[in-house]
Amino acid sequence: MTPDRANRGDGPARIVLFTYAAAEPFHTALMDMAQSNLVGLGWRDARFRRVFGGRDLQALPGLARDIVACGPDIVLSFMTNANLAMAAATQHSPVPVVGWSMDLDGACLTGPQAPVLGNLTGVTLPVDYQRDQLRLLMALKPGLRRIGHLFNPSYAVANPALAKLRQAAVEVGIEVEAHLCAAPTDLAASVARLADLGVEALTVGPHEMFNANGAILAAAALSRGLPAIGLESLAMHGGVAGYAPDFPAIWQQGARMADQVLRGVAVTSIPVDRTIAPRLILNLGAIRALGLEVPEYLLAAADRVVDS
C-alpha cells in the first residue's frame with residue numbers, strides 16, 4: 001500500500017478530523033498537528049476534511065452520521081464526546097476511528113455505546129493517572145488521609161475517573177469524599193462543603209466546566225487551606241498542581257496509528273496506547289501560600305513550574 005492511495009485503492013485517502021469543540025484556536029491547532037504528522041508520514045495528497053461540533057451535544061450524532069455516510073478511510077476523533085458519537089454512528093459500519101480521550105476505555109470502549117465492530121482505537125491517559133494524583137498530594141501533604149473530589153457526571157469520563165480514584169485511594173489508605181457539582185454557580189460552595197466535611201485536599205475531576213473555571217476553584221480551595229490538583233487550568237490559576245495531556249506526543253502517536261490503518265492494518269490489531277504520560281505543572285506560589293514544601297524529586301519531575 002502506498003501513501004498516495006487510500007486503503008481501498010480508488011483515489012486519494014479521505015481523512016476526517018472530528019472534534020466536539022468549536023473552531024477555536026486551541027482545537028484548530030490540534031487538528032493542524034495531527035494533519036501535519038500525517039503529511040509527514042506520506043499522506044500529502046490525502047483529502048482532509050475538518051468537522052467541528054461547536055460544543056453542541058445535540059448536533060454530534062447527526063454530524064457523525066454524515067461523516068460515516070461520506071465513506072472516509074479513517075476518522076481522527078479529538079474529544080470524548082466526538083468518540084462517543086462516532087462509536088454510535090459506526091455500530092454497523094466498518095469506518096475506522098482513531099481517537100483521544102482521557103479515559104478511552106471507561107468512556108468509549110465499554111458499555112452500551114461501545115463499537116461492536118472493534119473499529120475504535122486511539123490514545124488515552126496511563127492507567128496510573130489517578131494514583132499519581134494521590135501520590136503527588138501525599139508528597140506535598142504528608143499524613144494525608146482524606147480528600148475531596150469534585151465531579152460532574154454529565155461528562156462520560158467523570159464516573160470512570162471517580163471509580164479509578166476510589167480504587168487508587170483504597171490502595172494507599174485514603175478516604176475519598178465525592179461531591180457532585182453541576183453548575184458554575186455552585187463551584188465555590190461545593191469546595192466549601194467538602195472543606196466543612198473535613199477533607200484535607202481536593203482533586204478536581206475532568207469536565208470542561210471545571211477547566212473553564214480554574215481561577216474560581218483555585219481561589220475557593222486556597223481560602224479553605226486545601227491543596228487542589230486537577231488539569232492545567234487549575235494549576236495556572238492557583239491550584240498546587242495540574243496535569244496537561246501531552247498533545248504533541250498524543251497526536252504524533254495518533255497519526256502513526258492512522259497511518260497503519262491507511263496502509264491496511266486492521267484497527268482490531270492496534271491496541272489502545274496508554275504510554276503517554278501527562279505533563280506535570282507545579283504552582284510554587286500556591287504551595288507556599290499553604291505552608292507546604294515541595295520534595296526535590298517532585299520538583300525535578302515537573303515539566304513546568306509557575307509561581308503565581
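Reader: What makes helix 3 (residues 80–89) count as largely enclosed by the rest of the structure?

Author: In this predicted model, 9 of the 10 residues of helix 3 are buried, so the helix is largely enclosed by the rest of the structure. Buried here means under 20% relative accessible area, whereas exposed means over 50% and partly exposed lies in between, with a 1.4 Å probe and protein chains only. The buried ones are Thr-80, Asn-81, Ala-82, Asn-83, Leu-84, Ala-85, Met-86, Ala-87 and Ala-89. Helices (H or I, at least four residues) and strands (E, at least two) are DSSP runs numbered from the N terminus.

Reader: Which elements do the buried residues of helix 3 pack against?

Author: They pack against strand 1 (14–19), helix 2 (60–69), strand 3 (74–77), strand 4 (97–100) and helix 4 (104–108), where contact means heavy atoms within 4.5 Å.

Reader: What is the basis for residue numbers and for which atoms and residues count?

Author: Residues are numbered from 1 along each chain as its sequence is written, and side-chain values use heavy atoms, with hydrogens and water left out. As the model is predicted, local features need pLDDT of at least 70 and side-chain atom pairs count only at pLDDT 80 or more, while totals for chains, interfaces and linings use all residues.

Reader: What makes a set of residues a nonpolar core, and which members of the largest one touch the most others?

Author: Such a core is a set of buried Ala, Val, Leu, Ile, Met, Phe, Trp, Tyr and Cys residues joined through side-chain atoms within 4.5 Å. Of the 84 residues in the largest core, Ile-15, Phe-18, Leu-76, Phe-78, Leu-136 and Trp-251 touch the most other members. Helix 11 (residues 247–262) supplies the largest share of this core, 8 residues. Apart from it lies another core, of 18 residues, among them Leu-194, Val-199, Leu-202 and Val-204.

Reader: Why is Ala-289 called exposed?

Author: Ala-289, which has its place in helix 12 (residues 284–289), has 59% relative accessibility and therefore counts as exposed.

Reader: How do you know whether the protein chain is as compact as a globular protein of its length?

Author: The chain, with its 13 helices and 12 strands, has a radius of gyration of 20 Å, close to the 19 Å that the globule rule gives for 308 residues, so the chain is as compact as a globular protein of that length. The radius is taken over C-alpha atoms, and the rule is 2.2 Å times the number of residues to the power 0.38. Buried residues make up 53% of the 308 residues.
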